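Please look at the sequence and structure first.

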Amino acid sequence: MAVAETAGLDPVIGFALVGALGVGSQWLAWRLRLPAIVLMLVAGLAIGPGLGVLNPSEDFGRLMQPMLAIAVAIILFEGGMTLNFHSLRDAATGVRRLVLVGGPLGWAASTAALHWAAGLSWEVSAVFGGIMIVTGPTVIAPLLRQARLKRRPAALLQWEAIVNDPVGALAAVLAFEVVVVLNNAETAGDAVLQMVMGVVVAIALGAAGGWGLARAFRNALVPEYMKVPVLFVLLLGVFALSDSLLHESGLLAVTVMGLWIANANLPSYEELRRFKEHATILLVSGVFILLAANMTRETLMSLDWSAALFVAAVILIARPLPVLTALSFSNIPWRERLLVAFTGPRGVVLVAVAGLFGERLASLGVDDAERIAPLAFALVAATVVLHGFTLTPMARLLGLTATETPGVMIVGGSRWSVALGQAFKKLDLPVLVADPNRAHLRSAREAGLETFWGDILSEAAEHKLDFVSYDKIIVATDNDAYNTLVATDLAPEFGREHVFQLKRMRETSARHALPATLGGQKFAADETFFEASARLAEGWEFRVTKLSAEFPLAQWRDTNPDAVPVADLGPNGTLRLLGPETKVKETEGTRLLFLAPERQERKDDRRDENGQDTMKAG
């Protein structure tokens, strides 16, 4: 049998296998532009009940339960750190309605669906129903990039997922506290008292941990190189202490601690945020693989018509009804309401937290608790696959897809930036020109370009700009230090390969050269701000032309021997910004943006001798 074969698997090999499959699945999903959760689901089921290579409960033994508990605690702490109250106050009315009205209604509707469709007991349904509020930001993000929705429906789905991530986990924790207290208390009075004490102690410990950490960081009581380790150890300490004082209160404590730190306005928050992101990627991968591999064939075979009825009830009733109710009598058009109502993919947090609570409810002797894990897998698999294939067609049918491809954000409002922005606009790309100096944006506004007055690194920019609409950044102010700061700060979010910067003055000098970790990629001819501006003053201009069988790249080079390629836009809508060493793609139908000396003949129609349209910008 598979269990006998896997009983002797070395734990070190098991850990390595789980890590390789988890991270490998996420990388492969990134390469294939697929939801990572689907590949992790397949990988976990393959090595567990499929091939019998890994049986976590037997191979890891008594370590399995504490490992899952600590991993889920860190995941919930990460969820708490994403909930900044300032962002919640500034959110649109629709987002507030989805969280404050749709969340509780969704909890109630999901609980009803679990009880009447899946046949679970009310206590198990209440715990699982709270977890089902989470729609999965890790799943929503790639779906939104693929569907290219208009700004408002994309924002509604994105912010609902982010805010409801910790809210749903918190709801599940509170419901679980109720179940634990009711099963351990002798009287109803004892049950209420223990529940109140558990909530108070957990909130107090979480708040104390967050307050103490924030105070220590602000008063320089912890050196920079130890801040992340101190955070990690304090997180584990708060979780263990709360759990030891009152059983199962640790998850609530770490969620509160994450909320406190997220709203403490710490100077070191960026380092802490990156730590929790990296830790969460590793832990989510590991937890998902472990939970999938730990399922038995008997458990999977237990998914019958009631599971299918439950999934259908969630997709057709438990998700749409609360959303439509929450958004009723609002200024959101009915098309957007329908799209949001029928888009609710569940993700990794749902499976991870559901698996943990299922194990703990089963240990309390609660009936039907073992059915939580397979139902969670069924719901996640069904919603991810369904919405992955239907979101784009539904958005197109409702007229909610953006016609443009992800565009370019240009930091700096100079004449060179405006001319480049006009060229990108001729490629039908969204363009945003940002500058801290309002006067620098006058030319951009007169050219019809979208502008942002303010620092691109400010909180105002984070809350007001739709960064999802832009996947390329060009930093081109006359301040080299500011350019380097912006490029370095935005590189982790947009990807270093998508952030470009004008050449710094004297950067070739050993005294002024910076390490590769600072700044952005080289752009176009790799010129400084003043060299690039001088080209325009000498009569150079940005142009756009289309490569074809009649006008290939070689002929374009013969026609424009001095031209500098700036970007190319493929027939599939993929934009590439080019550096001095980047080769232009010779695909037929590619539109090429380049910088060349201004033509003196036939300026009126701007057509070259091969009959190709050559559009001037600037």
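Helix α22 passes α26 in a left-handed crossing. Left-handed means that the near helix is turned anticlockwise from the far one by less than a right angle; right-handed means clockwise. The model is predicted, with pLDDT of at least 70 needed for local features and 80 or more for side-chain atom pairs, while totals for chains, interfaces and linings use all residues. Residues are numbered from 1 along each chain as its sequence is written, and side-chain values use heavy atoms, without hydrogens and water.

Helices (H or I, at least four residues) are DSSP runs numbered from the N terminus. Axes are lines fitted to C-alpha atoms over the stretch in contact, with angles from 0 to 180 degrees between N-to-C directions.

| Helix pair | Axes come within | Crossing angle |
|---|---|---|
| α22 (415-426) and α26 (529-537) | 9 Å | roughly 70 degrees |
| α8 (102-116) and α9 (122-131) | 8 Å | roughly 135 degrees |

α22 and α26 are therefore roughly perpendicular. Angles of 65 to 115 degrees count as such; under 35 is roughly parallel, over 145 roughly antiparallel, and the rest oblique. Contact means heavy atoms within 4.5 Å. From α22, Arg 415, Trp 416 and Ala 419 take part; from α26, Ala 532, Ser 533, Leu 536 and Ala 537. By class, that contact has five nonpolar, one polar and one charged residues. Ala, Val, Leu, Ile, Met, Phe, Trp, Tyr, Cys and Pro count as nonpolar, Asp, Glu, Lys and Arg as charged, and the others, including Gly, as polar.

The angle between α8 and α9 makes that pair oblique. α8 passes α9 in a right-handed crossing. Contact residues of α8 include Trp 107, Leu 114 and Trp 116; those of α9 include Trp 122 and Phe 128. The contact divides into seven nonpolar, six polar and no charged residues.

A cavity is a set of points on a 1 Å grid over the protein atoms alone where a 1.4 Å probe fits but cannot get out; lining residues have an atom within 4 Å of a point. There are three cavities of 30 Å³ or more.

Trp 416 and Ala 532 are among its lining residues. Ten nonpolar, no polar and one charged residues make up this lining.

Definitions and conventions: 1 Å grid on protein atoms, 1.4 Å probe; cavity = no way out; pocket = protein on both sides within 12 Å on 5 of 7 lines; lining within 4 Å. Points joined across faces, edges and corners; volume = space filled by probe spheres on them. Helix = DSSP H or I, 4+ residues; strand = E, 2+ residues; numbered from the N terminus.
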